[in-house]
Amino acid sequence: MINQGKKYLKKQTTNLIMAEEPDQEKSVDTEFTAKSNMDIFECLATRRSIRKFTSSDIPMEMLGTILDAGRFAPSSGNIQNWRFVIVKNRETIAKIAEASMQQLWINQAPVVVVVCAETEKISQFYGVRGERLYLIQNCAAAIENMLLAAHAVGLASCWVGAFDENALRRILNIPEDIRPQAILPIGFPDEIVPSPMHYTLEAVCFFERYGSKIANLERVLQNPDVFGKIQGAVKTTIEAGKDIAEKAKGKIIKR
Ligand SMILES: Cc1cc2nc3c(=O)[nH]c(=O)nc-3n(C[C@H](O)[C@H](O)[C@H](O)COP(=O)(O)O)c2cc1C
């Protein structure tokens, strides 16, 4: 799956519209090829936040594949404002765990990737919207890609967002204009975590306009005609209501 993506990317490289021409660093393509037999939908459904890791180190090929997955994420104007700090030093990881509101389980991870956001270019190109929204969304897309890739190759991770930003800056020498976004401890899983509760589609989907819910979503999705009929029925009921209200107007007896 990942290899196919790589071939596609190579084919598309000449068509990339970038906020800036790629510099030398960006145009060097790595060849990390850790394999996965997992179907993408299985990967999406079975990924879990894992907070317990075995003591085994992770092969560099796997780490490279995960980082590649991060850099293949979509970004506003293809600006790619993510930066990844790879940490293997035990003392540094211990300090990161401490700075993460003492989430000491992070110490078990053989590798920690800290995802940071480069801010300058994004505010230059997209102003306040870029700074407040795209900056975070771009990095979030890269983070999710990495979590999925880790799971796909048999590793595990957890998106850690609770940390002292300034403490992290000091530990990793992160400059003022770079914002740390997430900490990803990565390792081989040493726990099986059940799937948490997920809202039903009915609870989170609206049809055609915000707030318009449908009880039997499965039936509607399988047969869009049903949705048309429901819509028609709703409209008719509203129109009928309006009609009655209009007629009733003349019948109101003023006392
Ligand atoms: C923005 C964000 C911040 C998070 N921060 C933490 C964190 O600091 N510590 C932690 O243990 N989990 C953290 N998580 C993981 C969530 O607790 C987890 O994704 C959620 O409970 C759903 O479980 P799942 O990932 O297994 O589906 C964070 C997740 C997100 C998206």
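This report covers the strand pairing, the nonpolar core and the ligand surroundings of a predicted model.

**Strand 4 and its partners**

Strand 4 spans residues 178-187. Eight of its ten residues are buried, so the strand is largely enclosed by the rest of the structure. Strand 2 and strand 3 both pair with strand 4 in the antiparallel sense. The table sets out the two pairings.

| Strand | Residues | Bridges to strand 4 | Residue and its partner in strand 4 |
|---|---|---|---|
| Strand 2 | residues 111-118 | eight bridges | Val 113 and Leu 184 |

**The nonpolar core**

The largest nonpolar core holds 46 residues. Those touching the most other members are Ile 96, Val 112, Val 115, Met 146, Ala 150, Leu 184 and Ile 186. At least two residues of this core come from each of helix 4 (60-71), helix 5 (90-99), strand 2, helix 6 (120-152), helix 7 (165-172) and strand 4. Helix 6 gives the most, with eleven residues. Nonpolar side chains tend to be buried together in soluble globular proteins.

Which residues does Met 146 contact, beyond its neighbours within four places in sequence? They are Ile 66, Ala 69, Gly 70, Val 113 and Leu 184. Leu 184 is also the bridge partner of Val 113.

**Around the ligand**

The shell around the ligand has six nonpolar, three polar and two charged residues. Arg 48, Ser 49, Arg 51 and Gln 103 are among them.

How values were computed. Residues numbered from 1 in each chain as written. Predicted model: local features only at pLDDT ≥ 70, side-chain atom pairs only at ≥ 80, totals over all residues. Near = placed C-beta within 6 Å. Nonpolar A, V, L, I, M, F, W, Y, C, P; charged D, E, K, R; others polar. Buried ≥ 20, exposed ≤ 12 C-beta atoms within 10 Å, placed from the backbone. Helix = DSSP H or I, 4+ residues; strand = E, 2+ residues; numbered from the N terminus. Pairing = 2+ DSSP bridges. Core = buried A, V, L, I, M, F, W, Y, C linked by C-beta atoms within 7 Å. Contact = placed C-beta atoms within 7 Å.
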